[in-house]
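Colleague: I'd like to learn how to read a structure like this one. Could you walk me through a few features?

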Amino acid sequence: MRLKDTGLTAQDIKDKVNKYMIETYERFDFLAETAKDQYIYDENGEAYLDFYAGIAVNSAGNCNEKVVKAVQDQVADIMHTFNYPYTIPQALLAEKICTSIGMDKIFYQNSGTEANEAMIKMARKYGIEKYGPNKYHIVTAKMGFHGRTFGAMSATGQPGNGCQIGFGPMTYGFSYAPYNDLQAFKDACTENTIAIMVEPVQGEGGVHPATQEFMQGLREFCDEKGMLLLIDEVQTGWCRTGEVMSYMNYGIKPDIVSMAKALGGGMPIGAICATEEVAKAFTPGSHGTTFGGHPVSCAAALAEVNELLDRDLAGNAKEVGAYFMEQLRTLPHVKDVRGEGLLVGVEFDDSISGVEVKHECINRKLLITAIGAHIIRMIPPLIVTKEDCDKAVEIIRASVEALAK
């Protein structure tokens, strides 16, 4: 929908949002009207270089032509049905995902937090049915982030902080250990522990990649103890970190993996994939969803996955991401640059506010986000070039220099 078709002004739209919507977001002061590839355009046609990608969603580019056509074609055939008849997009996408990432079974959801809820439920049900009623405990990482529904929020290792504040008691059965500390994870496990659940890169936790020793050690420890390894790939999955799935960077395979964001190319979809044995925990009636496996979302996801794989956007993420991080290290006031592929964080010294850098960049038509006091995060479409990265670096440089004066 275009502004000119409504008879309204941009301020009218902002006023309606302010009047009628419950706001839990910090709004950027511009109207996003259209988008294409690595740019978003406001109502005046002003271009914003998009290093946000809808929070790691639009990985094959904003309004990718093949994804758009898949949506248009599917809407004309069947827009929605319940999950009892077979549908073509579900079947084709299931095969594509499972064969591409080496997993056996898939269950569709609508979002990342729902995928993580399903992963937690499957792991607990598997543990209780196989080992007994107390085998439900899960260890997750401190400063991790798994979503905002109660199970996923409880798995988020930030007790008393962030998304947990003000909601009362969390769901029982989780413990937290420091990220990248293998021994601490081992020590946090008890006779009732059924699974360890981690992100390969802590995005919301400050862009901290897992070490090889940590991830391989978790896999070996879970195998030794008969526990499950759950990998949250909601943000890292589908080529973001230089491999199709981030766990492939470590030469391991999870028992269950969650995914969302980039999977749908802009349409809402989430999923979990599991091994044949663990997937048996979900039986008819044990879990369900009205919109999970939505035909339009599945059609979009199939087109998006094909684009990501056929264009080797994992390879582009690896090459361009390494170049981007190298250039970011030349910025003033930089304390650290870290990340994997095109999931990149910059930590500034105490004199520079990450939030202020974000706002300065938005004023200069670059979209990024900030985490904590001094960190900015970039998760651009995986089609970005080195030239796009050069442009982004210069805007960030100008923003930092302006704030340092």
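Modeller: Let's begin with salt bridges: there are 21 of them here. The term stands for a side-chain nitrogen of Lys or Arg within 4 Å of a carboxyl oxygen of Asp or Glu. Keep in mind that this is a predicted model, where local features need pLDDT of at least 70, side-chain atom pairs count only at pLDDT 80 or more, and totals for chains, interfaces and linings use all residues. Residues are numbered from 1 along each chain as its sequence is written, and side-chain values use heavy atoms, with hydrogens and water left out.

Colleague: Which residue forms a salt bridge with Glu26?

Modeller: That's Lys358, with the closest N and O atoms 2.6 Å apart. Glu26 sits in the loop between helix H1 (10–20) and strand S1 (34–36), while Lys358 belongs to helix H12 (residues 354–363), so the pair ties together parts that are 332 residues apart in sequence. Helices (H or I, at least four residues) and strands (E, at least two) are DSSP runs, numbered from the N terminus.

Colleague: Is Lys358 buried or exposed?

Modeller: For such labels, buried means under 20% relative accessible area, exposed over 50%, and partly exposed in between, using a 1.4 Å probe and protein chains only. Lys358 has 7% relative accessibility, so it counts as buried.

Colleague: What about Arg311 and Glu307?

Modeller: Their side chains meet in a salt bridge too, at 3.2 Å from N to O. Arg311 is partly exposed with a relative accessible area of 41%, whereas Glu307 is buried at 7%.

Colleague: And how do I read the pair Lys386 and Glu319?

Modeller: Those side chains form a salt bridge of 3.3 Å, N to O. Lys386 is in helix H13 (residues 386–404) and Glu319 in helix H11 (residues 313–328), so this pair links distant parts of the chain, 67 residues apart. Lys386 is partly exposed at 32% relative accessibility, and Glu319 is partly exposed at 47%. Elsewhere, salt bridges that share partners join Lys335, Asp336, Arg338 and Glu347 into one network.

Colleague: Let's turn to pockets. How many residues line the second largest pocket?

Modeller: A pocket is found on a 1 Å grid over the protein atoms alone: it's an open set of points where a 1.4 Å probe fits, with protein on both sides within 12 Å along at least five of seven lines, and lining residues have an atom within 4 Å of a point. Here 28 residues do the lining, and Asn83, Gln90, Ile106, Phe107 and His287 lie nearest the centre. By class, the lining has 16 nonpolar, eleven polar and one charged residues. Its largest share, four residues, comes from S4.

Colleague: Where is Gln109, and which side chains does it join by polar contacts?

Modeller: Gln109 is in strand S4 (residues 105–109). A polar contact is a pair of N or O atoms within 3.5 Å; within protein, one must be able to donate a hydrogen and the other to accept it, and residues adjacent in sequence count only if both atoms are side-chain atoms. The Gln109 side chain has one of 3.4 Å with Glu114 and one of 2.6 Å with His287. Gln109 is buried, with a relative accessible area of 2%.

How values were computed: Nonpolar A, V, L, I, M, F, W, Y, C, P; charged D, E, K, R; others polar.
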